[in-house]
Amino acid sequence: MIWLTWRQLRGSATMTAALLVMLVAVLALTGSQLAADYSSGIASCTRGEECAGFYDQLFDDYQIPFMASILVVLVLPAMIGLFWGAPMITRELEAGTHLLVWNQSITRTRWLAVKLGFAGLLAVAAAGVSGIAVTWWSGPLDQSAPPGFALMDPLVFSARGIAPLGYAAFAFALGVTVGMLVRRTLPAMALTLVLFAAVQIAMPLLVRPHLIPPVTSAFELGRENTDGFGINRDGTFDIRIDAAIPGHTGAWVLSSELVDPSGRTIAASGQDGRVEGVSTTSGACAPAAGPPDGCPAEVNRLGYRQKATYQPLERFWPLQWIETGIYAAFTAGLTWFCFRWIRRRLS
Amino acid sequence: MTSVLRAQGLGKRYGRRWALRECTIDIPAGHVVGLVGPNGAGKTTLLKLAAGQLEPTAGDITVLGGRPGGSPAQLAKVGFVAQDTPVYAGLTVAEHLRLGARLNPRWDDAMARERIARIGLAPAQRAGRLSGGQRAQLALTLGLAKRPELLILDEPVASLDPLARREFLQGLMEAVAEHELSVVLSSHLVSDLERVCDFLIVLVGSRVPVAAETERLLATHYRLTGPRRDPDRLPAGQHVVSARHTDRQSTYVIRTDASIHDPAWTVGQLSLEDLVLAYMEKRPAESRRVALEVQR
């Protein structure tokens, strides 16, 4: 039975393997260059500011391959679901060959078990190879990526660690299940794509932030979380805060707000928040005082704070495990359904 | 004698429509059984039930003493060649034989190779390139080489030209003689079955009105022609299969174990085809009468 499964999967598996080999080769070639750039850059920068400039430069240089590699890891599971999962049963049903193979001396439960097990393992292995290769390649960039592209940010998170394995297993099982229910290859492929995309969008937006209750706390304003100040014509003072959190580099910031001394929210990150009681004619925040380095301290003294809700970087692996576990549970549920359906309903 | 297939009140429903209903048959071993009926009568459903491809909605079916499709051992005992003889288009002939060898413990590789050579199939040829007749022969080879005790074929010759049809049936009969297996094959044409079958099951409108050895069928069915007469006035042992009336004359096809003594009748023998047609026209005639009564 394994022979037959392999024989039927041979074409698409070989093609996937060839693409993966190409991917790994490209990543290996450019990855050593990237690692060398990184270590030489780190060695030559001494002060924090210089290093920040180097990080930005490095990220700019590699931004396109960085995004492309993430895209590959995210798209591969969908392709597996589409081209391995969905046609697996529908092709048999459309050609009528299920009647041939189900009447050999092997129960259809065993037939399905071997097909799902064998192709599922290949799917997970393919996703694993792409995930490991891309994680290795982007290691230096993940150390230094600007906010929005850091390890914990939704897109990057999904393309690192063990999550891609879960996505691939789920996409494959989803394709097979949809194929069994729809019984036609093209509609099954379309529906698989739609469902998988919906789950992949819903997960980071709706589910992942709450997998572990996020941390909410207040932070003093400083260089890291202040985006800018402004003095209006009428003499009032505005401050705009950032989504970054002081002392928690790389955290996934779910919300960042400016709150006044009474705890009331004044502005979200990126918006101007009016700060009462700041002197714009004298003191640290006055334009006459030169560079406003002391201004945040002045605002802090008045009791204004940044209130942020976030998932710290240390939770990367716990979140990876939980998310992969959820996808594994989805996969198990779909697999259970497939076995039930093939015994009861399909013929 | 043991039964190869025994069904008791067997029924299969798709949604609200019964594809097969109240089917009770008992087929003894060692026969080549023809299952005949019009299109959509439920032949495929019955055969799929026997092969274990479908689960019955009502009643029981046992094939060679076991539940169809229940276990690998049961699957090994029953060969099934589905309608339109499906094969994997992308696999070569040799790969089909390999598939059979891998998936069947009782696989007879020598026989499979010998058959393929005799038919003249090139082992390296892709099954998708075969003609309809060659494809049917390949499917038959797969069915035979697993060495089943019962081989079920669903409309195996329906899409074949007359020559391929004869070759296919000839090949089947040779294998039957050689390996002493029971065969059930379906067709909507009696002429296909007449040459090869010694047992006939008629399936009309999802029911089985008659199932018996062909010899017995021929010996117990008669065509009676004579002056017009109501069916109530026929003797008790004579079961009307079909009836036709003109103003003066009645023609009955009847089934009876006794001989016919009434001198008013002209008694005629039936061919198998006439007999099957008589059973096929019985049901529509009844339903038409019901429809007329309702209209009145």
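How many salt bridges does the rule find across the interface of chain B and chain A? It finds 1, where a salt bridge is a side-chain nitrogen of Lys or Arg within 4 Å of a carboxyl oxygen of Asp or Glu.

## About the model

This is a predicted model, in which local features need pLDDT of at least 70, side-chain atom pairs count only at pLDDT 80 or more, and totals for chains, interfaces and linings use all residues. Residues are numbered from 1 along each chain as its sequence is written, chains are lettered from A and ligands numbered from 1 in the order in which they are written, and side-chain values use heavy atoms, leaving out hydrogens and water.

## Where the chains meet

Let's start with the contact (heavy atoms within 4.5 Å). Chain B brings 32 residues to it and chain A brings 23 residues. Between them the two chains bury about 2300 Å², 58% of it on carbon and sulfur atoms; buried area is the accessible area (1.4 Å probe) that two parts lose on being put together, summed over both. On the chain B side, Gln53(B), Tyr88(B) and Leu103(B) lose the most area to chain A, together 32% of what that side buries.

Helix 3 of chain B gives the most to the side of chain B that touches chain A, with 7 residues. Helices (H or I, at least four residues) and strands (E, at least two) are DSSP runs, numbered from the N terminus.

## A bridge within chain A

Over all chains, the structure holds 23 salt bridges. One of them pairs Arg208(A) with Glu323(A), whose closest N and O atoms are 2.6 Å apart. Arg208(A) sits in the loop between helix 8 (185-207) and strand 1 (215-219) of chain A, and Glu323(A) in helix 10 (residues 316-344) of chain A, so the pair ties together parts that are 115 residues apart in sequence.

## The largest pocket

Now for an open space: a pocket is an open set of points on a 1 Å grid over the protein atoms alone, where a 1.4 Å probe fits, with protein on both sides within 12 Å along at least five of seven lines; lining residues have an atom within 4 Å of a point. The largest pocket is lined by 36 residues, and Pro146(A), Pro147(A), Glu224(A), Ala244(A) and Thr249(A) lie nearest its centre. Helix 2 of chain A gives the most to this lining, with 5 residues.
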